[in-house]
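Please open the structure in a viewer and keep the selection tool at hand.

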Amino acid sequence: MKFFRHCLILASSILVSTMSFVGVTNADDHKGFKIGVVTFLSGPAAEPFGVPAWNGGKLLIKLLNEGKVPAPYNKKGFGGMEITAIPIDESGGATKQVQEFRNLVQRDKVDAVLGYVSSGDCMAIPAVADELQALTVLYDCGTPRVFEDASYKYVFRTAAHAAMDNIAIAKYLIEKGHDISSIAGINQNYAWGKDSWKDFSVSIKKLSPNSEIKNELFPKIFSGQYGTEISALLNSKAKVVHSSLWGGDLQSFILQAKPRGFFKRTQVVFSAGDQVMPGLGNKYPEGVILGARGQYGMMAPDTPLNNWFYKAYMDEYGVFPAQPPYRMVQGLMGLKMAIEKAMDKNGGKKPNKDEIAEAFTGLEFEAPGGLVQMKLGNGHQAIQPHAIGKTAKDKDGNIIVTDIVRYKASCVNPPNGIKAVDWINAGFPGADC
Amino acid sequence: MPLKLLNNVFFQSIFLMSLLVVVGIFIPNWLVFVITKAIAYGLVGLGIITLMRGGLVSFGQGFVFGIGGYTAGLLGTQAGLTDAVLLLFISFIFTGFVGLIIAPLLARYRDIFFAMLSLAFSMVLYGILIKIDAIGGSDGFVLPESTYFGIKPSKEYADYILYVVSVIMTGIVSILLRYYYDSTPGLIALAVRENELRVEYLGSSAFNVTVLNFTIAAGLGGMGGALNGIALGHIDPEFTYWTTSGEFVFISILAGYLSVPAVFLAALLLELVRSFSGRYFPDTWQLILGVFLILSIIFIPSGIGSFFKQLFDKLKNK
């Protein structure tokens, strides 16, 4: 026994020291462009979100390195530099993520970090990113607070924040003449769910002051059982039920609510409802109004770039891309454009982080989901056009999205310098629709 | 005389502290940060070990970890107090005080009842924290950059200075704790672990010892939480979640209750294994971590500290 103990101690110390050595020696190979990619690879957010996002990212990186992406992304890699990506699992909470971020920057010496689905992580990382002066692209998370409460030099978010999802849905309901005399909501009991509901209910109140709020339910995240909530919502007889559920929770909710006729008895709106469509297929209910947090998946615009991406993803993985891969691809494309813009300016050398950050600020680039403009947060936060649609069955019985209304980015996003919640409360001043 | 000096806890600690401070200059930045974090976790582990000496394990040290973290964070954001040394000290005192208030309730329970009740406290705090939107709810909030005696260090040195501060403060705490462990109440705790009834018959109070130990554990946990928050620059309710508490328990089990430095070594080992398995096996890092935990429980059941003790005993006998 004693022998084993000593062996174990010896083995673990050797393991740790060699690993540190490997980490250190790898550090200085700087021929290409090295990025850390942080996304959920385990836990409840992996299957619906983290993994498809990374699938999209992996595919794009491969095709970029081969130079097979259409213009304006036809340069190999990032401006001719081969891209190497180090994937890191986002699960484990903000404490762990801050440490992993430091490891990526200080130990692996990555040139940039792309990542973060969870709003908590997005709140924690930027301060460290600026402290370490590490270029960071937030590709997904929703909370508007990142650039509203603070400003950062090296941090960029290439996707619109969550406010537009709910503002656009409220506008859609009114434009399409739906009965919004009473509304109810079921949202997860954490920042994302609470913010989504607040944005939606206040927007509705602004656009239609007489509508009444019936039920505000906040089940806890990843609870997976919604029997009582569904009963409560049915009893409330609200005309519209809003939900920002996502991933496995959304899937469970749909599967539990559908047999009870929920989707026939009330108008349901899902602010981030498309990511479970590839998984549920034709089990997805009809007549649901949904957003995809951008013009993604079935609501993507008919542009050459989108058609190329949609097909490339479909060919590789056999399912159509929903919002997660679109958003990661959007982040990578933004980074690529910023790097190449910086290289045009410095004469084709590998740009440093200050040059990239300068080029990134206020950047505009075309992504599969439409034109992305880094307009908010003094050029660090993107706005993008949005689309809302309604599910229906086509003649073959497949679920499709119809009645799509597209919104200009400036119509559903606040102008620079105004907080999203203040903008909604003020009744959307300066919205350009 | 020199040999006697070597055996003196005080000089050993001073030597170890100066060694760590010097080593910190030469090791890469990421490792400085990992060690700082390991110290923060180790402090909480040290609290559990203090309880373990009295035969108790707390599954809810996330409670005091969170209180310490939020104390430092709120003092920083609301009161503008950014001095790291002061924040650590205040968190230590304040959390110890909170510990003293709830200790009489907890000290009446033993074994799994004590563990579950402490867990309940931490989860109640978690539930409250995610509901308070004014301090960020589930997203938490960002701490202002820390200062040291009125000076704000430049960004390149901030990590190292925090590391030095934490090494010194932890060193002082560890010395005091070693003296406490060897004092009368500290030794009574060991006796409580062996036979509580007999301790009572001999005229000592197991209850009082447990209250004292829990208060110390709370203070240490609070200091660890504050240090972790300051190092990360961000605080969220995850600090009080049961998985966080579970990590502290594991650190204490890995370290064993025989040695103070072993706790910090265990925390560091856990951090390194986790970090490297996450880096090289992003899809299966939990599996690697799990195997590591199982192996260490099978092969070192009484903790890393037992090696130290064996080593010292051997040296003494020679």
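Predicted model: local features only at pLDDT ≥ 70, side-chain atom pairs only at ≥ 80, totals over all residues.

Which residues in helix 4 of chain B meet residues in helix 6 of chain B? From helix 4 of chain B come B:G62, B:F63 and B:G66, and they meet B:S118, B:F121, B:S122, B:L125 and B:L129 in helix 6 of chain B. By class, this contact holds four nonpolar residues, four polar residues and no charged ones.

Keep the two helices selected and consider how they are placed. Two packed helices are described by the angle between their axes and the distance between the axes. Helix 6 of chain B covers residues 111-131, and its axis is 8 Å apart from that of helix 4 of chain B, at an angle of about 40 degrees. Because of this angle, helix 4 of chain B is oblique to helix 6 of chain B.

**Second stop: helix 4 and helix 5 of chain B**

Next, select residues 62-78 of chain B, which form helix 4, together with residues 84-106, which form helix 5. The axes of these helices come within 9 Å and cross at roughly 135 degrees. Helix 4 of chain B is therefore oblique to helix 5 of chain B. The crossing of helix 4 of chain B with helix 5 of chain B is right-handed.

Display the side chains along this contact. On helix 4 of chain B, the residues include B:V64, B:I67 and B:T71; on helix 5 of chain B, they include B:L87, B:I90 and B:F94. The contact of helix 4 with helix 5 of chain B comprises eight nonpolar, six polar and no charged residues.

Now select B:G171, which belongs to helix 7 of chain B, residues 155-181. Is B:G171 buried, exposed or partly exposed? B:G171 counts as partly exposed because it has 18 C-beta neighbours inside 10 Å. Apart from neighbours within four places in sequence, B:G171 is in contact with B:S13 and B:M17.

Show both chains. The contact between them takes 34 residues from chain A and 32 residues from chain B. On the side of chain B, the elements giving two or more residues are helix 3 (29-53), helix 10 (206-232), helix 12 (260-280) and helix 13 (285-299). Helix 12 of chain B supplies the largest share, six residues. This side of chain B divides into 15 nonpolar, 10 polar and seven charged residues.

Colour residues 29-161 and 303-383 of chain A as domain 1, and residues 163-298 and 386-425 as domain 2. The centres of these domains of chain A are separated by 27 Å, taken over C-alpha atoms. In chain A, 27 residues of domain 1 are in contact with 25 residues of domain 2. On the side of domain 1 that touches domain 2, strand 12 of chain A gives the most, with four residues.

**Last stop: A:V269**

Finally, select A:V269 in strand 9 of chain A, residues 267-270. A:V269 counts as buried because it has 25 C-beta neighbours inside 10 Å. Not counting residues up to four places away in sequence, A:V269 touches A:I169, A:V240, A:H242, A:I289 and A:L290.

Technical notes:
Residues numbered from 1 in each chain as written. Chains lettered and ligands numbered in written order. Domains from an automatic or database assignment. Contact = placed C-beta atoms within 7 Å. Nonpolar A, V, L, I, M, F, W, Y, C, P; charged D, E, K, R; others polar. Buried ≥ 20, exposed ≤ 12 C-beta atoms within 10 Å, placed from the backbone. Axes fitted to C-alpha atoms, helices over the stretch in contact; angles between N-to-C directions. Parallel < 35°, antiparallel > 145°, perpendicular 65-115°, else oblique. Left-handed = near helix turned anticlockwise from the far one by under 90°.
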